[in-house]
Amino acid sequence: MSLDGSWYLCLAAAVFTIGAVGLLVRRNVLVMFMCVELMLNAVNLTLVTFARMLDDIGGQALVFFVLVVAAAEVVVGLGIIVAIFRRRVGATADDLHLLRG
Amino acid sequence: MEGFSILTAMVLVPVIGAAVVALIPRSREDVIKAVGLAAAVLVGVASISLAFAFDANSAEYQFVSEASWIEEFGVSWLLGVDGISLFLVVLTGILFPIALVGTDPHRDVKGYTAWMLLLEAGCLGSFLALDLFVFFLFFELTLLPMYFIIGGWGYEKRVYASLKFFLFTLFGSAFMLVGMVALVFLSAKGTAPLTFDIRELAERGALAEDTARWVFLAFTMAFAVKVPLFPFHTWLPDAHTQAPTAGSVILAGVLLKLGTYGLVRFGLSLFPKAAVDLAPVLLTLAVVGIIYGAVCATMQKDLKRLVAYSSVAHLGFIVLGTFALTTQGLSGGVLQMVNHGLSTGALFLLVGMIYERRHTREIAELHGLQRSMPVMAVMFTVVMFSSIGLPGLNGFVGEFLILIGSFVTRRWWAVVGTAGVILAALYLLWAYQRVFHGTPEGENATLTDMTLRERAVMAPLLFLIVFLGVYPQPVLDRINPSVERLVRHVEEKGGYEQPAVAVNGAEGVREERQKKEVEEGQAKQQESERKLAEFKEAEDKAREKARSGGQ
Amino acid sequence: MNGLPMNGLPMNGLLVAQAGQPEGLAPLELPNVEYSAMAPHLILIGGALVLLVWVAMVRRRPPWAWAAFTVAVGLASLGASWLMWLDVGRNGPRTAVADAVVVDGYSIFFMVLVSVIVVLGALMGESFLKREDIRGPEFYVLMLLSSSGAMFMASANDLVITFLGLEILSIALYVLAGLDNRRMESREAAIKYFVLGAFSSAVFLYGVALVYGATGSTNLGEIVGYLQSSVAPANGVLLAGVALLLVGFGFKVAAVPFHTWTPDVYQGAPSPVTGFMAAGAKAAGFAGLLRVFFATFDTLKLDWQPIVWVLAVATLLVGSVLAIVQEDIKRVLAYSSISHAGFVLIGLQAANEKGLAGSLYYLLTYAFMVLGSFTVVTLVGRKGDARHDLDAYRGLSARRPALALAFTVLLLAQAGIPFTTGFLAKFYVISAAVEGRSYSLALIGMLSSVVAAFFYLRITVLMYMSTDEEEAEEARTEPLAIPRSMAVVLAVSVAFTVAFGLLPAPVIDFARDATLLI
C-alpha cells in the first residue's frame, strides 16, 4: 500500500508555511531560528518526494547539500545570537531597536 | 568638415578654462579672474567671427563637425549651426564675458569662475548640438553649474531657490528622455540603424500620428518648464531673485532660451504634424503667460522679481511667434530670443549694480535715483524702452514681427498678446517712476554713479540694443533662410499651409491676388468658350434635325 | 514525465516503472572537474585559506600586509578573469564540471566585477580596521570567501550551484555585518541580516525544489530543454517555483517588498562592509536573478514580466521616496540602493538583450559609485564609525574640498547627471524598457530619479551651501584625515565614473559582449 505522492508534498507545503509564518510572527530569536530549520526540512521533504516521483537521484543529492548548508547556517547563526544576547536575559527580537529610521 | 572644428573648440575652450581655474590655488584670485575672462572672451570672439563667416544664403547647417562617440546607441558628436542657433551662440558668447566682468561674486572667486565657464560650455553645447543625445546631455549639464551658482553665491533663500530650479527642470527632462528614446527607437522601426541625428530623424518622420503627439508632449514638457510656460513658471521668480547678478543675467539671457530654442529646433522639426495640431494649446499657454507675467510684474515690490516676471511675459511672446507657424512669426521669435537676452540681461545687470550700492531690491526703499545717478538713469531708460518694445530699439523689431506673424493665422491670440505690450509699458514705466523720479533722501541721495568699468560693461549691450533696433537686416538675413526652410518642412510634413501674407508681407498678398486674378480671368474665358461650344453644338443639332426632318 | 501527482494523478505508474528497473547500482561516475573554468573563484578561496594559515603560523604581522595580500589576490583573480575573457572571445562559451558551471561572457563579466570589488574593498577595509582597532584578518578572509560565492552565483548553470553560491556569499556576509562586535548596532545588524537572509534562502530553496519537481532537473540547460519541448510548460507548480525563486532573489537584491532588512543592516554594519554589501552582494543577487530569468525562464516571460513590472515600480518609488525622510547617511544610501535595484529591474522587465546589457552596465557602474560613496561615509564617520547623521556633512567643502568634490561627483552620478556613468546606466535601462514598449515603466523610473535627485542634492547643499564660522572652527579642532588607501579607492571610483562617462564606449561594449549567454 503506497501513499499518493501529493500527500507528502502537501505536508511539506504545510510545514513550510508553518515555518514561514512562525518566523514572521514569533519574537524570540531562537524560535525564529527554529522556524528557519522547519522551512529547510520542509524543502528537504519536498525534494525527496520529487526525487522519488521522478525517479531521479538529483533531488536526493540536493538534500545533502541542504543539510550541510543548514548546519553551516546554524553555526554562524548561533554564534551571532550568543554574541548579541550574551548580556541579556531573554532573546527577544523586540529588544533589537537601535536601528530604525 | 570632419573631426576638429571651430564649434568643438568653442565648447571645449570653456571646459579647459574651468579645469585650469580649478588647478590654480584659491588665493590667486587675480590669475583666476584673468584665466576665466580670457576663456570667455576667446569664445566670444570666436562666436562673433562665426557670425561673419556664416553664409547668409544657405539654410543648411554650417561648420558641421562630426565624430562617432557611442556607436552602441547610435550617438555621435555632431555639432552645427544654422540661422536659428547662430545668434543664440553669439548671444552666449557676448553675455558670458560681460557677466564675468560686470559682477563681483564677493567670495570664492575660484569656484564661481569655474562654474560659470562650465555653464558656458553647457549652453554652447546645447545650442550647437545636432545630435539629440548630445543636446540632452548639455541641456541637463547646464543645471548643475547654475544650481551651484544660485546655491553658493545667491541671496537669503538661495538653497530653496536652487533646489526648486534643479528639480523642476529635471522633472521636465525626465519626460524628454523617455520621449527621446521612444522617438529614436520607433524611427528605427527595428531595421534601420539607431540614430540621434536630428536631421535624419526629421527626414524619417516615421512615427504614427498618435504616437508623435505623445512624444511631442514629452519634449514640450521639458521645454515648457525651461521657457517657462505658464503653469510651470513658478521656479523662475525664485531662481532669478535669489541668484547672484551674473546668475540672473545668464539665466534670463541664455538658459531660458534653451526652452524656446528646443521648441523651435526639436518640437517643430521633429514633430511637424503634432506641432500643428497642438499649436492652439501652446499658444493659449503662451498668451496666458504674457498676461499673467505682466500682471504679476505690475504687483511686485522687489525690483528683481519684477524683471523676472517680465521675462515670463516676454518668453510668452516668443512662444506665440513660434507656434504662429508663419515665417514672420518664427523669425520674430528667433530674433526676440536674442533681444530678450540683451535687454533682460542688461536690466539684471543694472538692478545688480543698484543692489551693490543700496543692498536692497525693494522698490519702496529706492527713490529719486535719477538725481544721484544720472548715467544709470539714462542707461536704465534705454534698456527699459528696449524691453517695452519702443520703435528704434531692438525689442520693437522682434515683437512687431511676432505680432504681425501671428495675427495672420492666430488673430485672437495675437490681439490678447498685444495687451501684454501695453502692460509691459505700464509696469516698467511705473517702476522707473518710483525708483528714479523724485528727490532722493537719505542713502539714496549719496549714491555714486556708475563707475567707468560698469559703463564699459554696459556699452556693448547698449550698442547692440540700438544697432538691432535701427538695422536688424543683417541679422534677419541670416535667420530667414533657416526659418523658411523650417516652415516649409512643417508645411510638407504637417499638412498645413501658411498664408502668403506671412511669407512676404503685402507683396506676397499682391502676388497672390494677381495670381488669383489671372486664374479667375482664365476661368472666365474658359467658361465663355465652353458656353460658346455648347451653343454651337446645340445649333448643329438643331440644324441636323431640321435637315433630317426635311428629308 | 507528464502530469504531476500534485495535479491529482496517482503515482503508482511511476512506482511500477521503477520496480521494472534492473537491480543493482551503476558504477559511480565522477564528473570531470575543469579547475580552469573556476580559476578566479579558486584563487579567492585559496587566498582566503592561505591568509588563515598565514595568520595562524606567523603571529606578529602588520595588518597592512594582509590587506596587500588580499589586493594581490583580487588582482590575480582579475587577471585570471581577463585571460578567460580572451579565451571565451576566441573559443566561444562552454560549460564545465558536468554542466554545473558555465564559462561565458556573462559569468566572466561578474568575475571581473567581483575581483575589482575585492581589491577596492580590501583597500577600504585596511584603514578602517586600523582606525577602529579591529585586529585579525577576518575581514579579508570573509570578504574573499563571500566574493567567491558571488562568482559562483554568476557562473552557476545549476540551481544547486546558485544556491551554494548564495549561501557562501550570505553566511560570510552575516559575520561581516557583525564584525565590529563592540558596537551594538553592528551585532544587531548581523542578527537581522541573518534571520531574514536565512528566511530568504529557505524560500529560494523551496523554489528550487518546486522547479525541480516540475521540470525534472535543477540544471538550467535541462530546464530550458524541458520548457522548450513540452507543449504547455506553465503549470501551477512551476509558476509557484519561479515565483519563490524571484522572492528569494528579491531579498538578496533588496527589491520592494523584500527590502525591509536593507536600511537597518546598511546602517548597522561597519561602513566598508556596507559598501561591499551594496556593491558585491547586490551584483551577485542580480547575477543569479538575471541568468535564471533571462536565459532559463525566457519562455515564461509573459508570466513573470507583469510581476517584475510591479516589483520594479514599487522598488523605484519606495526607494526614492523613503530616502528623502532619512536623517542618517547610511540609511539614505540604503534606500538609494533600493531605488537603484529598481532600475536594474527595469532592465529585467524589458526582457530583451538591451535590457540584459543595460542591467549589467548598471551593476558595474553602480559598484564603483557606491564603493566610493561608502569610502566617504567611512571617512566622515570618524573613529567609532558613528557620525553618520547628515549634519556631519555640513560644511565639508570648506574643510575638505577634494573629499566634498569627490562625494558630490559620486552622488550626482547616482542621480544620473550627464557625462557620468550614472547617466548612461539609467539611459541604457530606460532605452531597453522603451524598446520593450514599457513606456510607463520608463517614465516612472525617470520620475523616481527626479525624486532621488532631491536627496542627493540635499547632501550637496549641506556640504557646499551651509558653512558658517562656528563650523569652520570645529573643522580646525577636529581634523578629518584621509588615509592613502582610502584616497586610492576614491580616486579610482571617481575616475571610473567620470572617465567612462565621457568616453563610454569600452565599458558599454564590455557589458554588451557580456550578454553572450550560453
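Analyst: Start with handedness. A crossing is left-handed if the near helix is turned anticlockwise from the far one by less than a right angle, and right-handed if clockwise. In this predicted model, H5(C) passes H11(C) in a left-handed crossing.

User: How is a pair of packed helices described?

Analyst: Two packed helices are described by the angle between their axes and the distance between the axes. Here, take helix H5 (residues 138–155) and helix H11 (residues 271–296) of chain C. Their axes come within 7 Å and cross at roughly 25°. Angles under 35 degrees count as roughly parallel. H5(C) and H11(C) are therefore roughly parallel to each other.

User: Which residues make the contact of H5(C) with H11(C)?

Analyst: From H5(C) come C:Met143, C:Ser147, C:Gly149, C:Ala150, C:Met153 and C:Ala154. From H11(C) come C:Phe276, C:Gly280, C:Ala283, C:Ala284, C:Ala287 and C:Gly288. By class, this contact has eight nonpolar, four polar and no charged residues.

User: What span is expected for helix H9 of chain C, and what does it reach?

Analyst: At 1.5 Å a residue, 26 Å is expected. H9(C) covers residues 236–253, 18 residues in total. From first C-alpha to last it reaches 25 Å, close to the expected value.

User: Is H9(C) mostly covered or mostly uncovered?

Analyst: Mostly covered. Of the 18 residues in H9(C), 13 are buried. Look just past the helix too: C:Ala254 takes a positive phi of about 60° there.

User: Now the chains. Which pair has the most contacts?

Analyst: Two pairs of chains touch, and chains A and C have the most contacts. There, 39 residues of chain A meet 45 residues of chain C. On the chain A side, helix H1 (5–25), helix H2 (29–54) and helix H3 (57–85) each supply at least two residues. H3(A) gives the largest share, 14 residues. By class, that side has 26 nonpolar, eight polar and five charged residues.

User: How many residues of chain C are in contact with chain B?

Analyst: 25 residues of chain C are in contact with 23 residues of chain B. On the chain C side, helix H17 (421–435), helix H18 (439–464) and helix H21 (505–513) each give two or more residues. The largest share, 12 residues, comes from H18(C). This side of chain C has 20 nonpolar, two polar and three charged residues.

User: How far apart are the closest C-alpha atoms of chain A and chain B?

Analyst: They lie 24 Å apart, and no contact joins chain A and chain B.

Key: Residues numbered from 1 in each chain as written. Chains lettered and ligands numbered in written order. Predicted model: local features only at pLDDT ≥ 70, side-chain atom pairs only at ≥ 80, totals over all residues. Contact = placed C-beta atoms within 7 Å. Helix = DSSP H or I, 4+ residues; strand = E, 2+ residues; numbered from the N terminus. Nonpolar A, V, L, I, M, F, W, Y, C, P; charged D, E, K, R; others polar. Axes fitted to C-alpha atoms, helices over the stretch in contact; angles between N-to-C directions. Parallel < 35°, antiparallel > 145°, perpendicular 65-115°, else oblique. Expected span 1.5 Å × (residues − 1). Buried ≥ 20, exposed ≤ 12 C-beta atoms within 10 Å, placed from the backbone.
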